[in-house]
Amino acid sequence: MNIRSIIIDDEPNNIENLQILLNKYCPEINILATAINADSGIEAIRTYQPDLVFLDIQMPGKSGFDLLKAFTSINFEIIFITAYDQYGIQAIKFSALDYLLKPVNINELKLAVEKARLKIIAKQKDYNIANLLEYTKAGNKEIPKIALPTLQEIMYVRVDNIIRCEASNNYTLFYLQNGEKVLVCKTLKEFAELLTPHNFIRTHQSHLVNLLFVKSFLREDGGALFLNDQTKVPISRQNRDMVKEKLNNTL
């Protein structure tokens, strides 16, 4: 599992040491960004929408607690890391996942990351269930909708209005029939699992296409799909036969 994470600590050496420990002992942690103060930490969280934040408490200016107060709702897990043990009660009040003292004990770090992994899996299951409920509500009478969580809102879009999806690091960019582009804080893999049963096909590691919008198969460069919106979507070599077979059976 890939746990999208941010480290916030005012001492670069502490950030570097934690990164070394996480790379060695917790390979499931993917560090998206680091920050050396509360303000840049707030910006990083809003930009990257992490699953987990490793947060120092005592920082010059604004503390880790001040950082958390900047959010009306906290939708990420928190592991506090600090040199001062008197903050434990406050950390509990902020519903911290765990509270680690510097220097970080490797076994305690591994246990904290495992707790984070289990909580994040549970949240992702709830998210997937919410999407599946949208499908169930639709039944056979209506076109199903899918929930697209952006930084500002959760959009509900009919699947037949989605032309294609494209991976963008740990995000997914949706191209809609009305010309709108929607950047969603989830990976393409998650949406491929939800949309493949609804006439979508994974042409490439970075591309998912709605077959309703395929105009033609292009033989150039090993194969590509030409869509109704005049875009070309590449087909990977390993997916070429599968794509051609799906097109023959569907179109």
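**View 1. The buried side of helix H1 in a predicted model**. An α-helix has 3.6 residues a turn, so residues three or four places apart point the same way. The 14 residues of H1 (residues 12-25) should span 20 Å at 1.5 Å a residue, and the end C-alpha atoms are 20 Å apart, in agreement; the expected span is 1.5 Å times one less than the number of residues.

Residues are numbered from 1 along each chain as its sequence is written, and side-chain values use heavy atoms, leaving out hydrogens and water. Because the model is predicted, local features need pLDDT of at least 70 and side-chain atom pairs count only at pLDDT 80 or more, whereas totals for chains, interfaces and linings use all residues.

**View 2. The hairpin of strands E9 and E10**. Strand E9 (residues 171-176) pairs with E10 in the antiparallel sense over 4 bridges, two strands being paired if DSSP finds at least two bridges between them. Leu173 stands opposite Leu183 in E10. Between the two strands of the hairpin are 4 residues, and Gly179 in the turn has a positive phi of about 90°. Strand E10 (residues 181-184) has a covered face made up of Val182 and Val184, while Lys181 and Leu183 are on the uncovered one.

**View 3. The salt bridge between Asp39 and Lys62**. A salt bridge is a side-chain nitrogen of Lys or Arg within 4 Å of a carboxyl oxygen of Asp or Glu, and a search of the whole structure finds 8 of them. In the one between Asp39 and Lys62, the closest N and O atoms are 2.8 Å apart. Asp39 lies in helix H2 (residues 38-48) and Lys62 in the loop between strand E3 (52-56) and helix H3 (64-69), so the pair ties together parts that are 23 residues apart in sequence. Asp39 is partly exposed at 46% relative accessibility, as is Lys62 at 40%.

**View 4. The salt bridge between Asp56 and Lys102**. The side chains of Asp56 and Lys102 meet at 3.6 Å, N to O. Asp56 lies in strand E3 and Lys102 in the loop between strand E5 (98-101) and helix H5 (106-138), so the pair links parts that are 46 residues apart in sequence. Asp56 is buried, with a relative accessible area of 3%, whereas Lys102 is partly exposed at 23%.

**View 5. The salt bridge between Arg117 and Glu114 in helix H5**. These two side chains meet at 2.8 Å, N to O. Being 3 residues apart in H5, Arg117 and Glu114 are separated by about one helical turn. Arg117 is partly exposed at 24% relative accessibility, and Glu114 is also partly exposed, with a relative accessible area of 32%.

**View 6. The mostly covered helix H6**. In helix H6 (residues 188-195), 6 of the 8 residues are buried, namely Leu188, Glu190, Phe191, Ala192, Leu194 and Leu195.

Conventions: Buried < 20%, exposed > 50% of the residue type's maximum accessible area, 1.4 Å probe, protein only.
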